Amino acid sequence: MSARLVMKLQVAAAVATTPDVLHLTLVHPRRPELPAWTAGAHVDLRLPDGRVRQYSLCGDPADRGRYEIAIKREEAGRGGSAWAHGNLGVGSVADVSAPRNNFPLAPAARRHILVAGGIGVTPLLAMARTLAADRAEFALHVCARSAADAPLLADVRALCGDRLQVWFADDGRRLDPTRLCDFTVDTHVYACGPRRLTDAVQSALDAQGWPPEQVHVEHFAPLSDETFKPEPFEARIASTGALLHVPADRSLLDVLREHGVSQPASCELGVCGACECGYRDGTVIHRDAVLSVGKRRDRMTPCVSRAQGSVTLDL
Amino acid sequence: MTDASAPRMVEAFAHPAGSIAVGVPGGAVGWRGSLLNIHTASAASYEMEERAEARCVAGRGIEGDRYYLGSGTYSPKPDTREVTLIEQEALDAINRNDPPLQSGPLHIAPIDHRRNLTVRGVPLNHLVGRRFRVGEVILRGGRLNFPCKYLEELLGQPVYLPLYNRSGLNCGIERGGIIRVGDTIEMVD
């Protein structure tokens with residue numbers, strides 16, 4: 001997770017969009033514009049006890065004046081949604097981070113198929129808003145138990161018109177992911193919802209031979225790594241071929257220093273980015289708070305991040 | 001909060017930089033500047049909040065600020081950061097893309113840069129190892145501030161390179177008290 005500004009936003013509206021989903025509109029008490037975002041982005045909501053929960057933005061990315069999120073009360077959850085339902089009313093303050101997008105629309109796609117299960121409609125509604133404004137070709141499938149249980153359904157209907165297909169179990173209608181759409185090279189599918197739905201979409205499209213880069217599934221990686229247990233690994237220096245052993249109780253940065261590989265460093269906490277370096281082959285365990293998801297493909301922060309087995313560093 | 005839970009600070013003139021600078025003569029004298037803005041944030045990554053006045057506590061920091069509370073991004077690492085300052089003149093230069101290190105002008109407002117005090121007419125780069133006053137409070141320059149990629153990420157703006165060598169000053173508080181926007185800033189020695 002890279003660093004994001006946390007703002008104390010005000011709840012401007014709090015509406016129950018279904019019996020168990022709270023739809024919140026958030027504004028900044030002093031600034032007319034919030035940080036910009038694109039469809040598919042989420043924000044972190046910080047709870048008073050320090051825990052963090054992610055919620056997708058479901059409003060219009062073109063509206064810089066407010067953020068909208070929808071929170072489903074999860075009785076079996078870890079308490080974050082119950083706290084939000086009990087405490088976030090009009091006028092209350094929510095500690096919310098600037099948005100980040102790990103689930104963006106594919107810029108090259110010509111047709112977009114959006115598949116929502118329950119509360120998973122939130123990022124897809126923002127996508128539909130962008131696609132509608134861009135006059136792009138899209139369809140939105142909404143799966144829920146009934147119309148009364150489908151969050152934000154009125155907004156979805158008004159926006160999508162006949163581009164919406166609803167699949168309500170109480171009406172005996174269930175989405176068949178094998179019949180979602182015909183394959184074309186410029187069609188992208190986006191699914192968000194319960195695991196069984198996203199897995200069903202993923203496996204149906206895999207079986208039909210869709211390339212993985214045309215199928216997008218939203219899932220949030222756990223933020224906390226309190227249970228992280230460092231393991232030893234090997235690091236190879238690309239320029240010299242030297243193979244360095246990194247014991248479990250030492251950082252890669254320390255081992256590089258000991259072997260005379262000089263690397264700028266500052267915070268040594270994974271937040272400043274000073275020691276960032278490139279890597280090739282190897283599975284890196286990213287534990288910093290600075291590199292973006294895109295950068296993590298070939299960059300790492302050796303002060304806190306490690307590798308599984310081995311990694312080759314571009315040094 | 002008890003003293004036992006107070007964050008560990010490095011006294012300004014005990015800092016590796018400040019301890020050398022204190023014995024080396026030089027630096028601008030005879031200047032007189034002013035305090036333009038006071039900002040604090042309650043925790044790491046939280047947006048800074050503007051204050052009209054604030055209480056400085058010797059050896060600790062500005063009441064209500066993350067480095068006073070030990071909740072700052074860099075709090076786990078002992079250093080001199082009771083109070084941080086930056087020159088408005090440096091922000092003005094960055095805002096006009098001077099020197100042209102950026103693709104165009106960048107707007108860094110006082111609420112954005114995450115230093116506590118924005119000052120005008122104060123040669124901060126001359127003040128490592130020096131004592132100066134802000135209103136009734138006496139500060140000691142401990143080390144030059146250094147930009148970090150964390151700020152760049154937070155702001156979503158490429159501020160790291162433009163801030164290099166004009167990122168401000170990290171200070172310790174020798175004599176505490178109340179600081180107010182508009183306070184005079186001048187040398188003590």
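Chain A has an open sheet of six strands, running in the order β4-β3-β6-β1-β2-β5 with antiparallel pairing. Strands here are DSSP runs of E with at least two residues, helices are runs of H or I with at least four, and both are numbered from the N terminus; two strands pair if DSSP finds at least two bridges between them. This is a predicted model, where local features need pLDDT of at least 70, side-chain atom pairs count only at pLDDT 80 or more, and totals for chains, interfaces and linings use all residues. Residues are numbered from 1 along each chain as its sequence is written, and chains are lettered from A and ligands numbered from 1 in the order in which they are written.

β4 (52–56) and β5 (67–72) of chain A sit at the edges with a single partner strand each, so one side of each has no neighbour in the sheet. For β4(A), five antiparallel bridges tie it to β3 (residues 42–46) of chain A, and H42(A) stands opposite S56(A) in β4(A).

Helix α1 (residues 80–87) of chain A packs on this sheet, touching β2 (21–27), β3, β4 and β5 of chain A. Touching, or contact, takes C-beta atoms, placed from the backbone, within 7 Å.

Now for the other two helices. The axes of α2 (residues 121–133) and α3 (residues 153–160) of chain A come within 10 Å and cross at roughly 25 degrees; axes are lines fitted to C-alpha atoms, for helices over the stretch in contact, with angles from 0 to 180 degrees between N-to-C directions. That makes α2(A) roughly parallel to α3(A), a label for angles under 35 degrees. Among the residues making the contact are L125(A) of α2(A) and L159(A) of α3(A).

Note on methods: Parallel < 35°, antiparallel > 145°, perpendicular 65-115°, else oblique. Contact = placed C-beta atoms within 7 Å.
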